[in-house]
Amino acid sequence: MKKVVGMGEIMIQMNPTEKGPMRYQHLFEQHVAGSEGNVIIQMQRLGIQTSFITAVGLDPFGEMIISTLKSEGVDTSFVKVDPKHPTGIYFVQRSYPIPGKTKVFYYRKNSAASFISEKDIDAKIFDDVDLFFLSGITPALSKRCRKAALKAIEICVKKKIKVVFDTNIRVNLLKTKNKAFEILKPFIESAEVLFTGVGDLTFLFGKNLRNSISELRKIAKNAELIIVKKGKEGSICFDVNSNTYIEYSSFPVEVEDELGAGDSFDGTFLSAMLRGYSFEKCLRYANASGAMAVSLKGDIEPLPTWKDLDLFLEVYEK
Ligand code: KDG
């Protein structure tokens, strides 16, 4: 069985029962969510053996995160409980001011995960691992996290473990284009599989998609695959070795909460890839997974199994 390790911050997501402006929300649902964790849970649900590196506070939220990971079957041996710093929390505002779009308010500064350091990254974590997944959120959390993430990448390169990186730019954390380049560059350079999205490409290189993909390729020296998520417009997979582009259109669904769609996409694409599926089939499953994610609230609740994906495709491809 393939073994995958992920690293990042998992938080408590407070998602209001209603759409609309935050200041008029009264009732909130409590969810467990965080980009890289979502990807890992998606992969576990699709039959991959997974493990996750993170830190949570010594608080009920940390307990909730650990028990969620355990109940999903993710190995929690490398989850640290930090008694000095709290678990990160964020609030979600859905469909306001832009219908269908989600805005987030973070309360994650000095969170337990932002104190993950090189000390927490032991080469043993990566024994017998096939793939390591990381995104641009983790190195943006703090200098310590950045160094820890770089150490993890170094170990993976030495052990010939496939490094997968999603640029996953959060403007709240990275602020400017220059900062984003400075922080993300070494990770983009090391990735063998690189995920990105139209929003990230526009932020880094401007609006011309072809041009921005070729700019990204110049930095992504090690990439064999570059996958671009285009939301409602579907997705593209660029196979560097054969110099071919494969496109797949999206599945039109009603958007309840767009958060987590990119993560379910990544997790599903990678699981399909590890099964040896063609890149076209990987995109087809990944697009279906992204569509399923946006149609429900919460990041991890809608993550599909293979059976769910096939049922969805049976209906949507009629
Ligand atoms: O991809 C969904 C994430 O954006 C959300 O769960 C919050 O992890 C999060 C982040 O850092 O923005």
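Helix 9 meets helix 10 through Ala261, Ser264, Phe265, Thr268, Phe269, Ala272 and Met273. On the helix 10 side, the partners are Lys281, Cys282, Leu283, Tyr285, Ala286, Ser289, Gly290, Met292, Ala293 and Val294. Contact here means that two C-beta atoms, placed from the backbone, lie within 7 Å. The residues of this contact divide into 12 nonpolar, four polar and one charged. Ala, Val, Leu, Ile, Met, Phe, Trp, Tyr, Cys and Pro count as nonpolar; Asp, Glu, Lys and Arg count as charged; the others, Gly among them, count as polar.

This is a predicted model, in which local features need pLDDT of at least 70 and side-chain atom pairs count only at pLDDT 80 or more, while totals for chains, interfaces and linings use all residues. Residues are numbered from 1 along each chain as its sequence is written. Helices (H or I, at least four residues) and strands (E, at least two) are DSSP runs, numbered from the N terminus.

**Helix pairs**

Two packed helices are described by the angle between their axes and the distance between the axes. Axes are lines fitted to C-alpha atoms, for helices over the stretch in contact, and angles run from 0 to 180 degrees between N-to-C directions.

Helix 9 spans residues 261–274 and helix 10 spans residues 279–294. Their axes come within 8 Å and cross at roughly 150°. That makes helix 9 roughly antiparallel to helix 10. Angles over 145 degrees count as roughly antiparallel, under 35 as roughly parallel, 65 to 115 as roughly perpendicular and the rest as oblique. The crossing of helix 9 and helix 10 is right-handed. In a right-handed crossing the near helix is turned clockwise from the far one by less than a right angle; anticlockwise is left-handed.

Helix 7 (residues 198–205) and helix 8 (residues 209–219) have axes that come within 10 Å and cross at roughly 75°. Helix 7 is therefore roughly perpendicular to helix 8. Val198, Leu201, Leu204 and Phe205 in helix 7 meet Leu209, Asn211, Ser212, Glu215 and Leu216 in helix 8. The residues of this contact divide into six nonpolar, two polar and one charged.

**Ligand shell**

Around the ligand stand Ala33, Gly34, Ser35, Val104, Ile137, Arg170, Leu259, Gly260, Gly262, Asp263 and Asp299. The shell divides into four nonpolar, four polar and three charged residues.

**Burial of single residues**

A residue is buried if 20 or more other C-beta atoms lie within 10 Å of its own, exposed if 12 or fewer, and partly exposed in between; C-beta atoms are placed from the backbone.

| Residue | Other C-beta atoms within 10 Å | Class |
|---|---|---|
| Ala261 | 26 | buried |
| Asn168 | 26 | buried |
| Ala180 | 21 | buried |
| Glu258 | 17 | partly exposed |
| Phe181 | 14 | partly exposed |
| Asn243 | 7 | exposed |

Ala261 sits in helix 9. Leaving out residues up to four places away in sequence, Ala261 touches Gly290, Ala293 and Val294.

Glu258 lies in the loop between strand 13 and helix 9. Its contacts, apart from neighbours within four places in sequence, are Gly100, Lys101, Thr102 and Val294. From Glu258 to Met43, 215 residues apart along the chain, the C-alpha separation is 19 Å.

Ala180 belongs to helix 6. Ala180 touches Ile169, Leu174, Phe203 and Leu204, not counting residues up to four places away in sequence. Phe181 is also found in helix 6 (residues 177–190). The C-alpha atoms of Phe181 and Ala149, 32 residues apart along the chain, are separated by 16 Å.

**Backbone features**

The peptide bond from Tyr96 to Pro97 is cis, with omega near 0°. Pro97 lies in the loop between strand 6 (89–94) and strand 7 (102–107).

Asn168 has phi near 40°, a positive value in a residue other than glycine. Its place is the loop between strand 9 (162–166) and helix 5 (171–174). Asn243, not a glycine, has a positive phi of about 55°. Asn243 is in the loop between strand 12 (235–239) and strand 13 (244–248). Asn168 is buried, whereas Asn243 is exposed.

Key: A residue is near a molecule or strand if its C-beta atom, placed from the backbone, lies within 6 Å of it.
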